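Subject: Structure for your review

Dear colleague,

I am handing over the structure below, and after it I set out what was found. Please read the notes with the coordinates open.

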Amino acid sequence: MIKEKDLLGLRNISTDEIDEILRNAVPMKDIIMRDIKKVPTLRGKSMATLFFENSTRTKSSFEIAAKYLSADCTNLAVSTSSVQKGETLIDTAITLEVMGIELFVMRHGASGAPHFLGRNTKARIINAGDGMNEHPTQGLLDMYTMKDKKGDLGNLTVTILGDVAHSRVARSNIWGLVKYGTKVRVVAPETLIPVELQRMGVEVYTDVDKALKGADVVNVLRLQKERQSSGLLPSLVEYNKFWGLTSKRVELLKDDAIIMHPGPMNRGVEIMPDVYEHPRCVVDEQVTNGVAVRMALLFMMLGGKSGDDIN
Amino acid sequence: MILIKGGHVVDPKNKIDGIMDILVEGETINKIDKNIETKSEYEVVDATNLMVFPGLIDMHVHLREPGFEHKETIQTGLAAAAKGGFTTVACMPNTKPAIDDRTIVESIERKTRGAKVNLKIIGAATKNIDTDQLTEMGDMKEAGIVAISNDGKPVKNAYITRRVLEYAKQFDLILIEHCEDESMANGGFIHEGYYSTILGLKGIPREAEDLIVARDIALVKMTGGKVHIAHISSKNSVDLVREAKKQGLNVTAEVTPQHLVLTDAAVESFDTSTKINPPLRSEEDRQALVEGLIDGTIDMIATDHAPHARWEKEVEYAYAPFGAVGLETAVALINTKLVKTGLITYSQLVEKMANNPGTVFKLGGELKLGNYADITIFDPNKKWTVIPEEFYSMGRNTPFKGWELEGEVVHTIVKGEFAIKDGKVI
């Protein structure tokens with residue numbers, strides 16, 4: 001059971017809740033693997049995706065999750081310009097709510113936007129990424145993947161490599177993992193490390209080789225190309241040279257370590273093309289797991305009771 | 001004639017701290033003494049168990065008129081001031097148009113005729129706030145301004161600040177400086193620290209303030225001008241001001257109740273009424289502010305009362321304008337969080353909220369025979385809950401909504417007339 005009305009992040013959610021989501025995702029993954037990928041579990045339930053920022057994979061992942069569970073999903077691509085036209089976030093959501101929508105999947109460029117909407121609507125909200133704050137379903141699918149591949153999260157060393165300052169993926173990963181006692185290392189150039197990051201319970205590195213050494217998992221973050229024009233980085237070439245994940249650097253990890261990336265990838269910037277082709281690179285599986293985790297969440301938040309026969 | 005009887009009168013500037021009576025005749029204070037005899041023609045105010053202060057002065061309010069009357073008007077702002085126990089407030093010039101010449105000063109002055117609270121006007125330092133052109137400070141001073149400021153922004157650059165200070169000195173005008181190096185702030189909007197890191201909100205490091213404080217101190221030294229640091233928020237800035245004062249430089253500073261009471265932890269709620277500029281800072285900074293207030297580095301408390309319309313603040317955190325209302329909660333917050341906790345005394349409260357602003361800006365702020373009878377009568381033990389909908393201010397944007405506070409203004413007397421009587425606007 002998700003205790004709060006809204007799923008806003010992994011910071012304020014218990015390990016019991018996370019465990020249950022990850023547990024429910026297992027049978028969901030089976031459904032995805034079937035020939036007939038449809039169960040009637042959420043038939044007659046209405047939800048909407050509310051994306052104020054561009055997204056292909058997260059949006060389609062939620063949409064597909066909804067379809068496999070037979071929920072009706074409306075997609076609203078809201079450009080931020082509608083805010084300037086005077087239609088506020090609340091107006092948009094309330095309009096859909098009074099049409100019967102029970103759950104919003106929301107992405108927004110401003111940190112805290114789903115928290116703000118959540119206080120102003122009765123519908124439940126799943127945060128699909130808010131500004132630089134959190135991206136909880138990405139965090140959950142990453143944790144699912146790590147657990148699936150490597151076992152008990154508490155025994156793992158996970159290195160998060162890249163632009164953690166601007167990354168909601170990094171924050172959700174950190175909040176989720178530290179709850180389980182995972183040893184989390186973060187590595188980035190000094191200019192991309194936010195202040196007081198250590199207080200989140202992680203080890204902070206600037207030397208990528210030291211940060212990778214002996215890790216069970218490396219989770220590589222996407223680098224926004226505009227960072228080089230805002231005084232944070234000299235060039236993408238230099239970034240790749242000192243912080244890019246190369247095959248040579250992969251050798252520093254444990255022999256059975258896995259390589260992860262939330263996508264979409266900038267090949268030749270944060271990750272080299274041959275690393276993507278590495279046998280222990282699980283990027284595609286992360287995407288499948290994303291659908292499973294989102295199905296589990298929709299099931300739990302749109303009326304499915306725990307212990308219900310998902311099949 | 002009003003006789004204020006039996007109250008605990010506090011005015012450290014005149015070394016008063018005890019049960020006294022005050023007799024007001026017409027607009028002025030006629031007598032301060034123990035047991036003044038009651039006469040039938042006196043209107044007697046029973047101040048038993050109440051505190052009697054010189055009328056409080058707030059050197060930093062935004063009354064939004066002209067140009068933003070949907071946020072606040074002079075009338076509603078002054079009603080809020082009276083309710084908060086302020087007998088004098090000084091309004092900032094970042095209106096539309098900006099208060100940057102005599103005609104606008106005079107038009108505001110006209111609107112204050114008949115007002116129950118003294119409104120003092122602060123003129124812009126440069127034309128239309130953010131430019132290179134000095135304002136006609138001399139002319140505005142003749143029309144009544146009490147200081148100059150580009151509040152909302154600092155004076156543009158070091159060169160213009162130098163010239164502003166040199167020019168203002170001739171008219172004995174203090175520059176009230178909003179200290180924020182904008183290139184350092186770089187579009188941030190909460191304190192850069194643990195909370196900006198975990199919430200993914202863009203931070204403004206305290207150094208953005210420190211850089212301008214340091215710049216201005218250097219320029220005060222160079223020009224002999226006077227700078228008053230508005231809403232100081234950074235612990236380093238407190239150190240810089242302390243050091244400047246040791247050197248005998250003409251630097252003073254104010255702090256807001258919100259910076260004394262809250263930290264950036266309050267931002268965690270994403271409640272946009274916590275979005276203020278300078279931002280709520282860390283606990284370390286907050287403690288340094290309290291310390292600076294106590295040791296005299298920080299001269300006064302000012303509210304930075306910044307009302308906004310509900311629909312402007314009820315948006316995503318990043319899109320909300322900066323500012324919180326403060327007039328109606330200030331003295332109760334200071335009473336609850338600093339006096340009742342034993343950090344400061346009522347004498348210090350009066351120093352910071354009446355004596356010192358009065359002395360620095362030559363606005364009275366003391367209980368002295370022959371002076372205007374500006375008096376605040378305060379019940380230090382009355383408990384109340386902050387309900388924004390009950391404010392006289394049009395602004396509801398307070399981070400203290402629902403807080404239980406101690407201490408309420410019972411009467412506010414301005415020039416011998418009640419602006420607030422029994423807690424209500426007259």
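The element that gives the most to the lining of the largest cavity is H12(A), with 5 residues. This is a predicted model, in which local features need pLDDT of at least 70 and side-chain atom pairs count only at pLDDT 80 or more, while totals for chains, interfaces and linings use all residues. Residues are numbered from 1 along each chain as its sequence is written, chains are lettered from A and ligands numbered from 1 in the order in which they are written, and side-chain values use heavy atoms, with hydrogens and water left out.

Cavity and pocket

The structure holds 1 cavity of 30 Å³ or more (on a 1 Å grid over the protein atoms alone, a set of points where a 1.4 Å probe fits but cannot get out, whereas a pocket is an open set with protein on both sides within 12 Å along at least five of seven lines; lining residues have an atom within 4 Å of a point). About 120 Å³ of space lies in the largest cavity, where a volume is the space filled by probe spheres set on grid points joined across faces, edges and corners. Its lining includes Arg57(A), Thr58(A), Gln138(A), His261(A), Val283(A) and Arg294(A), and H2, H6 and helix H12 (283-301) of chain A each supply at least two of the lining residues (helices, H or I, are DSSP runs of at least four residues and strands, E, of at least two, numbered from the N terminus). By class, the lining of this cavity divides into 4 nonpolar, 6 polar and 2 charged residues (Ala, Val, Leu, Ile, Met, Phe, Trp, Tyr, Cys and Pro count as nonpolar, Asp, Glu, Lys and Arg as charged, and the others, Gly among them, as polar).

The largest pocket has a volume of about 1,500 Å³ and is lined by 50 residues, of which Met132(A), Ala165(A), His166(A), Ser167(A) and Arg227(A) lie nearest its centre. Both chains take part in the lining of this pocket, in that helix H2 (57-68) and helix H7 (168-179) of chain A, together with helix H5 (182-185) and helix H6 (194-199) of chain B, each supply at least two residues. The largest share, 3 residues, comes from H7(A), and the lining as a whole has 14 nonpolar, 21 polar and 15 charged residues.

Helix packing in chain A

Helix H1 (residues 15-33) and helix H6 (residues 136-150) of chain A pack at an angle of about 75°, with their axes 10 Å apart (axes are lines fitted to C-alpha atoms, for helices over the stretch in contact, and angles run from 0 to 180 degrees between N-to-C directions). That makes H1(A) roughly perpendicular to H6(A), given that 65 to 115 degrees counts as roughly perpendicular, under 35 as roughly parallel, over 145 as roughly antiparallel and the rest as oblique. Among the residues of H1(A) that meet H6(A) are Ile18(A), Leu22(A) and Lys29(A), and on the side of H6(A) they include Met143(A), Tyr144(A) and Asp148(A) (contact means heavy atoms within 4.5 Å). The residues of this contact divide into 8 nonpolar, no polar and 4 charged.

Sheets

In chain A, 5 strands form an open sheet with parallel pairing, in the order S7-S6-S5-S8-S9 (two strands pair if DSSP finds at least two bridges between them). Strand S7 (203-205) and strand S9 (258-260) of chain A stand at the edges with a single partner strand each, so one side of each is left without a neighbour in the sheet. Neighbouring strands of this sheet are turned by 20° against each other on average, direction ignored. Strand S6 (residues 183-187) of chain A and S7(A) pair over 3 bridges, and Val186(A) has Val204(A) as its bridge partner.

In chain B, an open sheet of 8 strands with parallel pairing runs S6-S7-S8-S9-S10-S13-S14-S15, with strand S6 (56-61) and strand S15 (300-301) at its edges. Antiparallel pairing is found in chain B between strand S16 (residues 375-385) and strand S17 (residues 404-414), over 8 bridges, where the bridge partner of Asp379(B) is Glu408(B).

Backbone details

The peptide bond from Gly263(A) to Pro264(A) is cis, with omega near -10°, and Pro264(A) is found in the loop between S9 and helix H11 (273-276) of chain A. The bond from Lys96(B) to Pro97(B) is also cis, with omega near 0°. Asn35(B), although not a glycine, has a positive phi of about 50°.

With best regards
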